[in-house]
Amino acid sequence: MSKRSEVSRITGAVAGIMVAVILITGSSFSYPTLEGVWAQEEGTPLKVALLTDALFSDGGWGATAYNASQALKEKYGLELTTVENVAIPDIEPTLRDFADQGNDLIIAHGFEWGDPALRVGADYPDTKFVVFTGLTNGSNVASVFPMQQEGSYVLGALAAMMSKTGTIGFVGGQAYPNIVNIFEGYKQGARSINPDIKVLGQYIDTFTDPARGKEAGVSLINNGADFLFHVADLSGQGVIQAAKEKGIYALGVVADQHNLAPDTVLTSFVLDMEKAFDGAIKMVQNGNFSGQLYKPGLETAKGASGDGIVFIAPFHNLDSEVPADVKQRLNQIVQDIISGKIVVPERTEASS
Amino acid sequence: MIDFIIGIVASGIRMSTPSLFAALGENIAERSGVLNLGVEGMMLIGAFAGFIGTFVTGNVIIGILFAVSGPMVMAALMAFLSVSLRTNQLVAGLAIWLLGVGLAALLYRLTFGVVTVAPTVPTIPPLDIPFLSSIPVLGPIIFHHDAMIYLAFLLIPLTHIFLFKTNIGLKIRTVGENPKQADTLGVNVNRIRYMSVIIGGAFAGLGGSYIALVTTGSFSEDIAAGQGWIALAAVIFGRWRPFWIVLGAFVYGMVNATALGLQTKGTTIPFQFLLMLPYLLPIAILAVMYKKSVAPAALATPYKRGER
């Protein structure tokens, strides 16, 4: 073999890999917003990082967090960095990197960031960490664990009131405690209306595979479910697609997913992340950060007073499909949960 | 019970279709002696191109044409690297995979930005074949699917005939077994390899677009979810023969569908174990089959005229 061809072979391979590497890194760090905007009087803007293992293009969990952080950047003139698509093994090093860079507040977006945040937090006392849907806390690490079971309780009640088959289903991405908790709320809500209702469940071990989500949904429908609820992020889009094709209702999660399938998504339970992040930023700005485990619950609608961050989206064009007495009972349930008359216990272990 | 089984088998067929398309194409490339590990990347590009084509034009046929062309360009690049530049095929294939992953994600972001509700296109609906779809059991399993699955069914015998009954198929196989001999007989080795790899790209594109246009009606990063790798395993499992490759892809889809079905029925087996099966089983089968498998002799070996 001639020397020249050897060189061209290697050059070719290296060029190919380099192009690929540039594109990969380019795509996972598409939205760094490093330029600092000076805050009004304080002098230096607050340095905040939003880190997540999800994708900002997921149309739900990640996208909502990204949009919330952008809105708050405008509002407070933050020096904001956002990073998505962090591999699970890289969570701790990533947290360390951003603590090293002198961030005042790191918002770690996802349950699986809880323990690493605690470990890294111990080494960086000047940085505050807030884990969204986490369950850990320490002196400079707070977690926001929304009482999502309250939102899913309402959805379960709705599904039970409107189900014709007496069977409803759910699809979960992973059996994380926060997700198990959501489905336990769903079950309790459904059984509060109809004690004999069958609630079928599926965990599909992925948040990013809509094809598998869809087949899981089809399998639930084949077994009689006429309501599908998902907490599976991108995989959940497949679940909604299954409901759409089979002409049954689906229930969305995290964001108002009405636009994904306007005749299929009856309603969604929404997390007001902007409100949660806003609270965290205020604490850091005012110097009264407290490393607690915060558990905000249900509120009547977006922007309602009180400290709830979970609300039920409107029915939009399907409003006329929901009977007046169902709406009335739902409103009553929401009121009763907010007033404390109905207590939806938190359950992070799956029950039957 | 019978409905439950029908449901699972029909679901298994749907779940195996993307990797089946890709495997049938990859087989043609490998038969010519080029191991293209970039199938997964090409499927992602196919899924993206098919989605964007359908989204922009509103016509699913144009979407599928997009889905086929995008990966063909990627495959041409693979052929350039591995046939013309004679780089290590494993390295070139991995580069194509990573390129596809990054490029599809990047283009999607550039087009749509960060949205809280993903853009969608209508999915291709199932199409009952008259009379056949009303056969008990077999009807709902085989004849109640979308047009792309029927196309996949059709491509199985067609690729077999193409490889084993046509002159060009003979050339492809000869080039994959003994390129030097083929060259001596006046077969243009490089041209045959380019063609085979590019055909493989087109098939991968069909597989990718199946996910985006039939299953989900949307695109997301990583939507191929490892199906390209399953396709590569199916080719080995099938010992480079289309009818056996079908079986390989189908086993994967069936195990996957069964895992989902059993969970719905409620079992005491932990769901993690059920979800592991689709990957465990192919590994087990490969371990048994590999000894007997007869790969094309010149697989993954670059050819240079006049070299000993």
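**Close-up views of a predicted two-chain model**

**View 1. Helices α1(B) and α6(B) are roughly parallel to each other, because their axes cross at roughly 20°, and angles under 35 degrees count as roughly parallel.** This is a predicted model, so keep that in mind for every view here. The pair to look for is helix α1 (residues 2–31) and helix α6 (residues 147–165), both in chain B, whose axes come within 10 Å. Where they meet, α1(B) passes α6(B) in a left-handed crossing. On the α1(B) side, the contact includes I13(B), T17(B), L20(B) and F21(B). On the α6(B) side, look for residues including I149(B), A152(B), L155(B) and I156(B). Sort the residues of this contact by class and you get ten nonpolar, three polar and one charged.

**View 2. Here chain B meets chain A.** On the chain B side, 47 residues are in contact with 52 residues of chain A. Which elements of chain B give two or more residues to this side? They are α1, α4 (89–112), α9 (189–216), α11 (242–265) and α12 (271–289). Of these, α4(B) gives the most, with twelve residues. The chain B side as a whole has 24 nonpolar, 17 polar and six charged residues.

**View 3. Six strands of chain A line up as an open sheet.** Read across it and the order is β7-β6-β8-β9-β10-β12, with mixed pairing. β7 (198–203) and β12 (310–312) stand at the edges with a single partner strand each, so one side of each has no neighbour in the sheet. On average, neighbouring strands are turned by 15° against each other, if you ignore direction. Zoom in on β6 (residues 167–172) and β8 (residues 227–231) of chain A: these two run parallel and are joined by four bridges. Here G169(A) stands opposite L228(A) in β8(A).

**View 4. Two helices of chain A pack against strands of the sheet.** Helix α5 (residues 148–162) lies across β6, β8, β9 (249–254), β10 (265–271) and β12 of chain A. Its direction is at about 20° to β12(A). Helix α6 (residues 177–193) of chain A touches β6, β7 and β8, and its direction makes about 170° with that of β6(A).

**View 5. Step back and take in chain A as a whole, with its ten helices and twelve strands.** Of the 352 residues in chain A, 55% are buried. Now look at the contacts in chain A with a separation of 6 or more: 65% of them are between residues 24 or more positions apart.

Definitions and conventions
Residues are numbered from 1 along each chain as its sequence is written. Chains are lettered from A and ligands numbered from 1 in the order in which they are written. This is a predicted model: local features need pLDDT of at least 70, side-chain atom pairs count only at pLDDT 80 or more; totals for chains, interfaces and linings use all residues. Axes are lines fitted to C-alpha atoms, for helices over the stretch in contact, and angles run from 0 to 180 degrees between N-to-C directions. Angles under 35 degrees count as roughly parallel, over 145 as roughly antiparallel, 65 to 115 as roughly perpendicular and the rest as oblique. A crossing is left-handed if the near helix is turned anticlockwise from the far one by less than a right angle, and right-handed if clockwise. Two residues are in contact if their C-beta atoms, placed from the backbone, lie within 7 Å. Ala, Val, Leu, Ile, Met, Phe, Trp, Tyr, Cys and Pro count as nonpolar, Asp, Glu, Lys and Arg as charged, and the others, Gly among them, as polar. A residue is buried if 20 or more other C-beta atoms lie within 10 Å of its own, exposed if 12 or fewer, and partly exposed in between; C-beta atoms are placed from the backbone. Two strands pair if DSSP finds at least two bridges between them.
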